[in-house]
Amino acid sequence: MAEAKPGVLPDHELKALFDAGAIRSTEPLDVDQIQPASLDLRLAQDAYRIRASFLPGADRSVADVLQEPGIELHRIDLTRQGAVLETGCVYLVPLMEHVKLPAGISGRANPKSSTGRIDVFTRLVTNRGKAFDDIPTGYSGPLWLEISPRTFSILVRPGDRLAQLRLRRNKPQNTSEKTVSIDMDLPDGQPVGWRAKHHAGLIDLRGIAKHEIADFWEPLFPHRGRLVLNPEDFYILASREAVKVAGTKAAEMAPIAPELGEFRAHYAGFFDPGFGTNKGGSRAVLEVRSRDVPFILEHGQPVAKLVYEDMAAKPSALYGGKRSNYQGQGLKLSKHFG
């Protein structure tokens, strides 16, 4: 594999890594767990409520840190009808998947789209990790997921998938960028976004289309083509531009220069090959939060950028099949809402 083409590994190469033992799991793979350019990661049987987020550093495992006084507050069994992860708390959950990456293969994790759209913050943690969400080449060991619900408490069970892993061979090739801006010019009567309600109910991660929108969200309508973001409120907005990712490319949402605004415009950022290639394209849905002060967003204002890079090979199947929840999307909440 070291002499093969650099780039993001497609689905058939991810499967080959499973077959070779470079990726292992405590349970058989789900049928749809391997995506065109990423692997969904599954929660194992326990969760640890921790005092604060941490990185192990170069000389410690995650288990070593959990054993230190004052780090672990209590352990939660997810197998007994699941468990509620509450807002304002930080949890660390071991994942079913383990890796033993070959030389030249590295990984990067990101929240799944449905995770970011319900304001659940996740980060991947590894033994001896010095950065979140990154797996260095040659890493061998377990994977952990830090989970922090920001607005809605969530009900989770073993096997739930909140994050995804993208593997790449060597350094990215032929990268390019595209700026995306905010859309405040929808037809009359249509909201341009949604604001999360405070003190809303519980979201069951397996309750697909089972939650009432009005219980969790309020629609937003601009005044004179602008919205004022309240500090620390959570918003779902959409890009003005249609996003298209060719079958030979993968894309990731990334921040733009901080001097363009005191807000964060994304949590979940992977776009698989084939995204938006349907007739009419697909908008990028943006998870937005103002940081410290009220902030005005106007129509066409740049909010994020898409970074494209080459695939190592074209995937066996492109995004947009029967199991794709967001192909052809406009302003769309997560799949949990009817």
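Glu232 is partly exposed, with 39% relative accessibility (buried means under 20% relative accessible area, exposed over 50%, partly exposed in between, using a 1.4 Å probe and protein chains only). Its partner in a salt bridge is Arg150, at 3.6 Å from N to O; the term means a side-chain nitrogen of Lys or Arg within 4 Å of a carboxyl oxygen of Asp or Glu. Glu232 sits in the loop between strands E18 and E19 and Arg150 in the loop between E11 and E12, so the pair ties together parts 82 residues apart in sequence. Helices (H or I, at least four residues) and strands (E, at least two) are DSSP runs, numbered from the N terminus.

This is a predicted model, where local features need pLDDT of at least 70 and side-chain atom pairs 80 or more, while totals for chains, interfaces and linings use all residues. Residues count from 1 along each chain as its sequence is written, and side-chain values use heavy atoms, leaving out hydrogens and water.

The whole structure has 25 salt bridges, including these:

| Pair | N to O distance |
|---|---|
| Asp30 and Arg161 | 3.6 Å |
| Glu218 and Arg195 | 2.6 Å |

Glu218 is in strand E17 and Arg195 in strand E15. Arg195 is buried at 19%, whereas Glu218 is partly exposed at 29%.

Now for the loops. Asp119 has a positive phi near 60 degrees and is buried at 0%. Asp133, with a phi of about 70 degrees, is buried too, at 13%.
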